Amino acid sequence: MEPAELDVLGLREQLFHERVRECLICTLLFASLYILCHFIITRFKKHADFSTVEDDEDAAVDRIALSMCTFTLAVSLGAVLLLPFSILTNEVLLLFPHNYYIQWLNGSLIHGLWNLVFLFSNLSLVFLMPFAYFFTEAEGFAGSKKGILARVYETFVVLLLLTLLVLGMVWVASAIVDEDAGSRESLYVCTPVGLSRMFTVTGKLLVKPRLLEDLDEQLNCTRFEEAALSRKISASPTSCWLSVNAALLREQFLAIRSRRLALELRRGASPWQRNLGYPLAMLCLLALTGIAVLVVCFHTLELLLDDAAMPRGIQDAPLGQASFSIFGSFGAALQVVLIFYLMVSSVVGFYSSPMFTRLLPARQDTPMTKIIGNCVSLLVLSSALPVFSRTLGITRFDLLGDFGRFNWLGNFYIVFLYNMLFATLTTLCLVKKFTWAVRAELIRAFGLHKLPLPVTRTRQPSKLC
């Protein structure tokens, strides 16, 4: 063979080995995420007993729906890790540009991961999750033979009808609305309320320091109240007309018991955990929130001065050439921390909203339909995270693949107003949260919450006969 043919053959062989290596890496990464998500879902899923022969069909349906939910949750976790993994890959290639053992980290691998996450997220959102929901609710058409196939046929028919209905509504809406405005993708909003709710959630997980309060006195009072309610419940007669009062007493008893356990936990905590852990956690949350707001404000000013600050999509990732932060590796690590923090705060804010509070999963007590709803919600939040982070200027890493093909990314007014709205709402929620928390702690510390509230009586005008 001639040298030119040998060079072409060697190049094809190299491209083949690189493609096989990328497929193996993607498979191993997704398999790891799938196993982790399977353990997470089984920890929250309600246990169902399929011991009889008649329940074999329900058990098969439950396993199929569980595998689809696990796949969707793995895709969601992959979408969360997508942008941090890309940023860290760029920094590693900058630090070790000629290292043989990290040559598998390249732009082709990152671009393939972005495309796979986009494809699987749409597949899960459009097909897998609706199919899993209708499949768990299906029983087969009337008159047809019972079995798995009958449920599959019914699910496909319902899914097809729903798809035709949604496509018809989209076609009518696109015909009414202007073509340019109708082609804009909806912007998933990560509520800034979650940033303020992070302080409340962290305060519940950690032990607060003692501030002008006597825990022993509170604990003794709580024990006396618990003992008194326990005697009332045990001494109450089993009459039908007293069932409502007994239920109220049990609710009060459980509330006081939980309060007693919380006080015992606070009293048994070490001084380091009580006086150092809680303040440090609150300071870290305040620092991360403040840095996020400052970054968004700086990006808002940059939008007014430079067109390069607008989010845009690219088809090739220039990895290993320059850092995506002006502070180098430290700035890149801070970007990764902020991205994870925004994702956690968006999840906290989502489950804290009154509309989705009931969707919060409980350990070993979450039915399959609620698991499907949680997987869909997490998929929407996680798939919006790369676009959300780039729109706010948290990172300079441009969107790869189909993530950067949203038409509204080039609209200056949408991006600018969204940055302004995020910074304003986050600042207002943070100020309100801290002022309210400080006021409540001072009132509780000085015992002012025990004072009786003044009652103002207003005289009603007498009715004329």
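**Helix packing and buried positions in the predicted chain**

Of the 465 residues in the protein chain, 36% are buried (under 20% relative accessible area, with exposed meaning over 50% and partly exposed in between; 1.4 Å probe, protein chains only). The model is predicted, so that local features need pLDDT of at least 70 and side-chain atom pairs count only at pLDDT 80 or more, while totals for chains, interfaces and linings use all residues. Residues are numbered from 1 along each chain as its sequence is written, and side-chain values use heavy atoms, with hydrogens and water left out.

The protein chain has 13 helices and two strands (DSSP runs numbered from the N terminus, helices being H or I of at least four residues and strands E of at least two). Among contacts (heavy atoms within 4.5 Å) in the protein chain between residues at least 6 apart in sequence, 82% join residues at least 24 apart.

Helix H2 (residues 56–95) packs against helix H10 (residues 329–352) at an angle of about 170°, and their axes are 10 Å apart (axes are lines fitted to C-alpha atoms, for helices over the stretch in contact, and angles run from 0 to 180 degrees between N-to-C directions). H2 is therefore roughly antiparallel to H10 (over 145 degrees; angles under 35 count as roughly parallel, 65 to 115 as roughly perpendicular and the rest as oblique). On the H2 side, the contact is made by Val 80, Leu 81, Leu 83, Pro 84, Ile 87, Leu 88, Glu 91 and Leu 95; H10 contributes Ser 329, Ala 332, Gln 335, Val 336, Ile 339, Phe 340 and Met 343. By class, 12 nonpolar, two polar and one charged residues form this contact (Ala, Val, Leu, Ile, Met, Phe, Trp, Tyr, Cys and Pro count as nonpolar, Asp, Glu, Lys and Arg as charged, and the others, Gly among them, as polar).

Leaving aside neighbours within four places in sequence, Leu 83 is in contact with Trp 114, Ile 339, Pro 386, Ser 389, Thr 395 and Phe 397. Leu 83 and Leu 385 are separated by 302 residues in sequence, yet by 8.4 Å in space, C-alpha to C-alpha. In helix H10, Leu 342 is likewise buried, with a relative accessible area of 2%. Between Leu 342 and Ser 389 there are 47 residues in sequence and 8.4 Å in space, C-alpha to C-alpha.

Gln 364 is placed in the loop between H10 and helix H11 (368–383). This residue has a positive phi of about 55° although it is not a glycine, whereas most residues other than glycine have a negative phi. With a relative accessible area of 41%, Gln 364 is partly exposed.

The end C-alpha atoms of H11 are 22 Å apart, in agreement with the 22 Å that its 16 residues should span at 1.5 Å a residue (the expected span is 1.5 Å times one less than the number of residues). The buried residues of H11 include Met 368, Ile 371, Ile 372 and Cys 375. Ser 382, also in H11, counts as buried at 0% relative accessibility. Not counting residues up to four places away in sequence, Ser 382 touches Ser 76, Ala 79, Val 80 and Met 343.

In helix H4 (residues 148–176), Thr 155 is buried at 0% relative accessibility. Leaving aside neighbours within four places in sequence, Thr 155 is in contact with Phe 131, Phe 134, Phe 135 and Ala 138.
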